[in-house]
Amino acid sequence: MSKKFKIGLVTVNRSDFGIQKELIKSLKKNNKIDFSLIVTGTHFDKKYGNTVDEIKKEKISIQHKFKNDLNKDDNLNVGRNFSKYIIFFSQIFEKKKFDNIIILGDRFEMIAAAIVCRIFNISISHIHGGEITLGAQDEYYRHAISKLSNIHFVSLQEYRTRLIKM
């Protein structure tokens with residue numbers, strides 16, 4: 001029997017989960033894949049609808065979760081939270097030994113996951129790279145994640161072209 005390919009997918013909010021829900025279900029059903037769902041970010045925040053309940057409602061099991069305090073979004077607390085995410089992802093990736101991590105978008109939690117992937121030499125599949133969010137930090141995070149990624153899934157040809165130029 002051949003070794004199962006280990007894939008993890010990081011979801012941090014309602015919007016990325018909604019986009020990836022069917023992908024998650026497909027990966028969970030595939031017998032050749034050892035799939036793990038990693039849930040963090042605003043999924044656990046009442047202010048954002050406690051969307052972890054949507055994941056449970058879909059009967060999707062969560063293998064790894066991290067509740068972080070996101071109530072203060074000043075620079076110091078974002079920095080503190082970022083360091084906590086680095087530790088969280090490091091502990092999971094050391095234990096699980098993933099072959100690939102799927103990351104969507106441009107959140108600071110995702111850049112933490114991408115950096116840890118590089119440290120552990122884990123391949124990154126990035127969804128929605130090459131897009132633009134003018135005037136937001138997300139722009140920098142997205143492009144950095146794209147630079148760290150091995151596999152790219154873009155939504156439009158113009159985003160593909162932008163990635164190639166990068």
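Before the views, a word on axes: they are lines fitted to C-alpha atoms, for helices over the stretch in contact, and the angles between N-to-C directions run from 0 to 180 degrees. Helices (H or I, at least four residues) and strands (E, at least two) are DSSP runs, numbered from the N terminus. The model shown here is predicted, so local features need pLDDT of at least 70 and side-chain atom pairs count only at pLDDT 80 or more, while totals for chains, interfaces and linings use all residues. Residues are numbered from 1 along each chain as its sequence is written, and side-chain values use heavy atoms, with hydrogens and water left out.

**View 1. Helix α3 meets helix α4.** The axes of α3 and α4 come within 9 Å and cross at roughly 45°. That angle makes α3 oblique to α4, because angles under 35 degrees count as roughly parallel, over 145 as roughly antiparallel, 65 to 115 as roughly perpendicular and the rest as oblique. The crossing is right-handed; the word applies if the near helix is turned clockwise from the far one by less than a right angle, and left-handed if anticlockwise. On the α3 side, the touching residues (contact means heavy atoms within 4.5 Å) include Val78, Phe82, Phe89 and Phe93. From α4 come, among others, Phe108, Ile111, Ile115 and Cys117. Sorted by class, this contact has 13 nonpolar, two polar and one charged residues. Here Ala, Val, Leu, Ile, Met, Phe, Trp, Tyr, Cys and Pro count as nonpolar, Asp, Glu, Lys and Arg as charged, and the others, Gly among them, as polar.

**View 2. Helix α4 again, this time with α5.** Helix α4 (residues 108–119) and helix α5 (residues 137–148) have axes that come within 9 Å and cross at roughly 20°. That makes α4 roughly parallel to α5. The crossing of α4 and α5 is left-handed. Look for Phe108, Met110, Ile111, Ala114, Ile115 and Arg118 of α4 against Tyr141, Ala144, Ile145 and Leu148 of α5. By class, there are nine nonpolar, no polar and one charged residues in this contact.

**View 3. Inside the largest nonpolar core.** A nonpolar core is a set of buried Ala, Val, Leu, Ile, Met, Phe, Trp, Tyr and Cys residues joined through side-chain atoms within 4.5 Å. Buried means under 20% relative accessible area, exposed over 50%, and partly exposed in between (1.4 Å probe, protein chains only). Of the 24 residues in the largest core, Val10, Ile38, Phe89, Phe93, Ile101 and Ile103 touch the most other members. Two or more residues each come from α3 (75–96), β4 (100–104) and α4, and α4 gives the most, with eight. Apart from this core lies another, of 16 residues, among them Ile33, Leu37, Val52 and Ile60.

**View 4. Two loop residues with positive phi.** Most residues other than glycine have a negative phi. Lys97, in the loop between α3 and β4, has a phi near 60°. Lys97 is partly exposed, at 48% relative accessibility. Asn121 sits in the loop between α4 and β5 (123–127), and its phi is positive too, at about 55°. Asn121 is exposed, with a relative accessible area of 66%.

**View 5. Asn50 and its neighbours.** Asn50 lies in the loop between β2 (33–39) and α2 (52–57). Leaving out residues up to four places away in sequence, Asn50 touches His43, Phe44 and Asp45. Asn50 is partly exposed, with a relative accessible area of 24%.
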